[in-house]
Amino acid sequence: AYDLQTGQPLWKVGGVNFDEPFALPLAGTFFCGAPTPSGNELYIIGERDREIRVYALNPQTGEELWSQQIGNPEQDIALDMVRRWWLARVAVDQGILICPTTIGLVTAIGQLNHSILWSTRYTSSASDENGQHFNRLEQTSFEPLNHRWSPSAPIIIDSKVVYTPPDDQSLICLGVI
């Protein structure tokens, strides 16, 4: 984050994890786009150690205020070069965070109590030999740019969420609650 009047850096999170006491907060976390401001918090989707979380950060300091796990990808983000390019922007309205994951899931989180309200899969999920379903998406294939869907951040209108995900060629409309 930068001070808009002076142009000087205010704080930084993420970056390479050196496993040292002086490492930046959330070092080793891959962030899926810019944070979304709402009230006194910044919301951002990040992935580390095959765990996708929504993080709430203090806009003045970058300090992590809270986080909630929203997915577990089959493939680490460091090994999936296509998924690394996909954005997962948080939408906020009516006290609800709509959190895309880049693995075929959209999750709603209560802004006040930080709990999962619902989670839904919009792509077909992989399953193991026993038929049990997991939150998985195999490594993404490369496609020519003119064959790719144009994704967007979720949009909340009235009591509906409209979303065009990067990993599925569909227009999704969900109820907020």
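Here is a short chat about a few spots in this predicted model.

Me: Anything to know before we start, like which features count?
Reply: The model is predicted, so local features need pLDDT of at least 70 and side-chain atom pairs count only at pLDDT 80 or more, while totals for chains, interfaces and linings use all residues. Residues are numbered from 1 along each chain as its sequence is written, and side-chain values use heavy atoms, with hydrogens and water left out.

Me: OK, where does Thr107 lie?
Reply: Thr107 is in strand E8, residues 105-110. Strands (E, at least two residues) are DSSP runs, numbered from the N terminus.

Me: Is Thr107 buried or exposed?
Reply: Thr107 counts as buried because its relative accessibility is 1%. Buried means under 20% relative accessible area, exposed over 50%, and partly exposed in between (1.4 Å probe, protein chains only).

Me: And Phe22, buried or exposed?
Reply: Phe22 counts as exposed, because its relative accessibility is 65%. Phe22 sits in the segment before strand E1 (30-31).

Me: Switching to strand E4, how many of its residues are buried?
Reply: Six of the seven residues in E4 (51-57) are buried, so that strand is mostly covered by the under-20% rule.

Me: How does E3 join E4?
Reply: E3 (residues 41-48) runs antiparallel to E4, with seven bridges joining them. Two strands pair if DSSP finds at least two bridges between them.

Me: What about E4 and E5?
Reply: E4 pairs with E5 (residues 64-71) in the antiparallel sense over six bridges. Tyr55 has Ser67 in E5 as its bridge partner.

Conventions
Helices (H or I, at least four residues) and strands (E, at least two) are DSSP runs, numbered from the N terminus.
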